[in-house]
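Biologist: I am new to this structure. Please pick one part, take a close look at it, and then lead me out to the rest.

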Amino acid sequence: MKALVAPSYGPLDQLVVTDVPAPRPGPGELLVQVEAAGLNPLDSALVTGAMRAMMPVEHPFVVGMDAAGVVKAVGEGATGYEIGDAVVAYTHFHPGTIAEYTTVAVGPNVAKRPTGLDAVRGAALPAASVTAECIMAAAEAEAGRTILIIGATGGVGSFTVQLAAQAGMRVLATAAPADADYVRSLGAHDVIDYTSTDPVKESQRLAGGRLDVVLDLIHRGPALLDTADAVKDGGRLLSTLMGPETFERDITVVYVRMAATEGMLQHLAERVAAGTLSVEVAATYPLDDAPKALAEFASGRYSRGKVVVTV
């Protein structure tokens, strides 16, 4: 089968679309013929080796972790799915999804794709939307609370804006001027232009003081110490990236990791199909252009939504 392959750790320009053996479903697994695969920031980190200490991969490495496709074979003991079922899936990082076929274990990381959810939007859904749900749990979201979302236009950020607004929270979101109307359409009550304003100071001005919850999807390491200044005493600072273990002030810091629970992905897929959650797809690329797709995605060319490779 054709797949996007990294022969070793190294720069993104080493990626090639080439033939590799097609995977076979093991016990409890589904073989999925991929129709579309979504890109995530972790993809480039796994290729370059930036995450090798925490998430080593074997080479040749097939890239990708989000997919939408059709079940082509059912492994021994795998129940609940039949050949021909349309699905969305998250395969973690092995085997990859930017390929003609992938496998996924039956469980919380795969869901049947509802009528009304096309493959392209379905492929943009799993990792970002499930991470956003995990963020909402870590935020202890309640109506009336105020949340600042730094990095509101990306895949995770755009889902979190919607979920927080629908939970009754007041959402302050950062965006460039060109994306302000988009973020408001997702449910943000106030949009902060990060290109001309300090989001920490501006969020406190808008909220009349420090905030209940701050989610920072952009900064990592010591930079989170500055973000923490926006959090009120007893409040919560959330990040999907690594940062300090201790903070001088009395705040709760949670480094959120994606962990789907049973039925979560199915529920999110059904909400998108019903139109109560929206998915922004910034661009699509054919499989032959997958190296270009990941390079341009990693370069920051697309300021909002997801990038999808069609297979």
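Modeller: Start at Glu140. This residue is partly exposed, with a relative accessible area of 43% (buried is under 20%, exposed over 50%, partly exposed in between, with a 1.4 Å probe and protein chains only). The model is predicted: local features need pLDDT of at least 70, side-chain atom pairs need 80 or more, and totals for chains, interfaces and linings use all residues. Numbering runs from 1 along each chain as its sequence is written, and side-chain values use heavy atoms, without hydrogens or water.

Glu140 sits in the loop between α3 and β9, the strand at residues 146-150 (helices are DSSP runs of H or I, at least four residues; strands are runs of E, at least two; both are numbered from the N terminus). Its backbone stands out. Glu140 is not a glycine, yet its phi is positive, at about 50°.

Now step back along the chain. Glu140 follows helix α3. That helix covers residues 126-139, 14 residues in total. From first C-alpha to last, α3 reaches 20 Å, close to the 20 Å expected (1.5 Å times one less than the number of residues). Helix α3 is mostly covered, with 13 of its 14 residues buried.

Compare the end of another helix. Helix α1 runs over residues 41-48. Gly49 comes after α1, and its phi is also positive, but near 95°. The buried residues of α1 are Asp43, Ser44, Ala45, Leu46 and Val47. What do they pack against? Their partners are β1 (2-6), β3 (29-38), β4 (61-62) and α9.

Continue from α1 towards β4. The loop between them holds Pro60. Here the peptide bond from His59 to Pro60 is cis, and its omega is near 0°.

Take two of those partners in turn. Strand β3 contains Leu31. Leu31 is buried, with a relative accessible area of 12%. Beyond its neighbours within four places in sequence, Leu31 is in contact with several residues, including Pro23, Val70, Lys72, Tyr101 and Thr103 (contact means heavy atoms within 4.5 Å). Pro25, Val71, Ala73 and Thr102 are also among them.

Helix α9, residues 290-298, contains Pro291. Setting aside neighbours within four places in sequence, Pro291 is in contact with Leu4, Leu15, Val16 and Val17. Pro291 and Leu186 are 105 residues apart in sequence, and their C-alpha atoms are 31 Å apart.

Finally, the whole chain. The protein chain has 9 helices and 16 strands. Of its 311 residues, 53% count as buried. Its C-alpha trace spans about 60 × 40 × 35 Å along the principal axes. The radius of gyration is 19 Å, which agrees with the value near 19 Å for a compact globule of 311 residues (taken over C-alpha atoms; the rule is 2.2 Å times the number of residues to the power 0.38). Take the contacts between residues at least 6 apart in sequence: 64% of them join residues at least 24 apart.
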